[in-house]
Amino acid sequence: RVKSLPKDFVWGGATAAYQVEGATKVGGKGKTMWDDYLKAQGRFSPDPASDFYHCYPEDVKLAHQYGLNAIRVSIAWTRIFPNGYGEPNQAGVKYYHELFKACLDQGVTPYVSLHHFDSPKTLFDQGDWLNRQNIDYFVKYAEFCFKEFTEVKNWFTINELISLSLSQYIAGNFPPNHHFDVTSAIQAQHNELLAHARVVNLYKSLHLDGRIGLIHVLQPIYPITETPENKHAAALYDAFINRFLLDGTFLGEYSDETMALINEILEKNGAKLEIQDGDMAILKEASTQNDFFGLNYYQSQFIQAYDGPSGNKFNGTGDKGSSSFSFHGVGQIVQKPGVPTTDWDWNIYPEGLYDILKRVSKEYPNSKTIYITENGLGYKDNFVSEDQVIDDEPRIDYIDQHVAALLKARSEGVNVQGYFVWSLQDQFSWANGYNKRYGLFYVDFDTQKRYIKKSAEWFKELADTMHS
Ligand code: BGP
């Protein structure tokens, strides 16, 4: 077990507006791309989630009590601009000022994302990130936030560009539910990078007293065996989900090698990518201006070569062993014997975090300071009784192994300065609903009462080592 944390380590918990706030129709909030979709789907509702809209004072206090010195939150674009643009909604502005104040009063530093999967419905209907006008609206929304919320010193533009594009256009489990629409998936990645870069360039030109970056979830891809075919499959899939975005963010160009791999995927799938004049200059300008990099890590994947038809079965219920993924001309995801998995078939592989930290710091020095902005275990926590601490030993093991991997990379010179557990409290999961719990604090979604888990106590013990 990890024995101590470095001095001044950022030790936080993560949330996202739509997953915790609830109150989706309160305070003049506009609809996101999820509201009608979830209603029509009829599986679960984003209300009340963890009712963070009302319960934030308690959650921030709990964070402080259990030794957390930072929190990740996101601003819901549609609380500020209900349609994505136009006149700001004062109730939303007021809410976030109050939330940030509560955090700062408790010594829990807010790290704030502008976009966490919750595109405004009005803009979603006009094509979301595939419509370049969306980028202009995002830049305006960002500028408003920078000028209004000057108490925030740590900004992230967009959370997990790849999860959004993959879930929307490849796996089909986020609206608009396209399956293996490779053109849209790659175009959305490029357009979101452009949006990020324009916002970074804007932020820097405003000379504000704060830092800015973005968040990528990285999934190391390993060939299941070291045959040339499997190695090539791993290189292809890695280019599609990691490298294209890392290049665009920190090199300000897509390297020849990356483009060769991407083009091979596009050709095999009859897809194309459109890059307009001037796009790359914008990416280039931003590439050295990120102050930090938020790296989310949950799992690695093992892959074998595959030329059959694409297909995907998503495990959104926690029925172990029910998922599969094959990408035509790229590869097929397979299980590696000996690597444990969660009930949602996510590999538990802390070595991957070590490997990816080493790779990012070596190949992308413009990433500068790294924070692990999400890492955690989705688990069916068992509620026992009112006065008993909830035993989530597997979660402690998971976090412990990943923090150990992080500290190992750090001891070898990787500049990683913090860790945010996903998640602070139990919350609503986009495609899994409410039985996939991640929190340090258990939420009874009927009563909104919070209960302590063992992992919270463990978190506190480690926090205390920073002060001894
Ligand atoms: C990341 C997202 C989070 C969160 C987490 C866990 O991709 O940034 O919003 O949901 O993964 O994923 P899931 O809820 O699907 O288990």
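I began with Asp8, which is found in the segment before strand E1 (10–14). I take helices (H or I, at least four residues) and strands (E, at least two) as DSSP runs, numbered from the N terminus. Phi of Asp8 is near 60°, a positive value in a residue other than glycine.

Before going on, I noted that this is a predicted model, where local features need pLDDT of at least 70, side-chain atom pairs count only at pLDDT 80 or more, and totals for chains, interfaces and linings use all residues. Residues are numbered from 1 along each chain as its sequence is written, and side-chain values use heavy atoms, with hydrogens and water left out.

Next, I looked up cis peptide bonds. One joins Asp47 and Pro48, with omega about 5°; Pro48 sits in the loop between helix H2 (35–41) and helix H3 (52–65). Another runs from Pro175 to Pro176, with omega near 10°, and Pro176 is in the loop between H8 and H9.

The axes of H8 (residues 161–169) and H9 (residues 182–205) come within 9 Å and cross at roughly 150°. That makes H8 roughly antiparallel to H9 (the term is for angles over 145 degrees). My axes are lines fitted to C-alpha atoms, for helices over the stretch in contact, with angles from 0 to 180 degrees between N-to-C directions. For contact (heavy atoms within 4.5 Å), I found Leu161, Ile162, Leu164, Ser165 and Tyr169 of H8 meeting Ser184, Ala185, Ala188, Gln189, Glu192 and Leu193 of H9. These residues divide into seven nonpolar, three polar and one charged.

I then checked H7 (residues 133–148), whose axis comes within 10 Å of that of H9, crossing at roughly 35°. From H7, the residues that meet H9 include Phe138, Val139 and Phe146; on the H9 side, Leu194, Val199 and Leu202 are among them. By class, this contact has 10 nonpolar, one polar and three charged residues.

Last entry: which residues are closest to the ligand? I listed Gln19, Glu160, Ser429, Lys436 and Tyr438, out of 14 residues that surround the ligand (a heavy atom within 4 Å). For polar contacts I used pairs of N or O atoms within 3.5 Å. A polar side-chain atom of Ser429 lies 2.5 Å from a ligand oxygen. For Asn159, a polar side-chain atom is 3.0 Å from an oxygen atom of the ligand, and an N or O atom in the side chain of Asn432 is 3.0 Å from a ligand oxygen.

Terms used
Parallel < 35°, antiparallel > 145°, perpendicular 65-115°, else oblique. Nonpolar A, V, L, I, M, F, W, Y, C, P; charged D, E, K, R; others polar. Polar contact = N/O pair within 3.5 Å; in protein donor to acceptor, adjacent residues only side chain to side chain.
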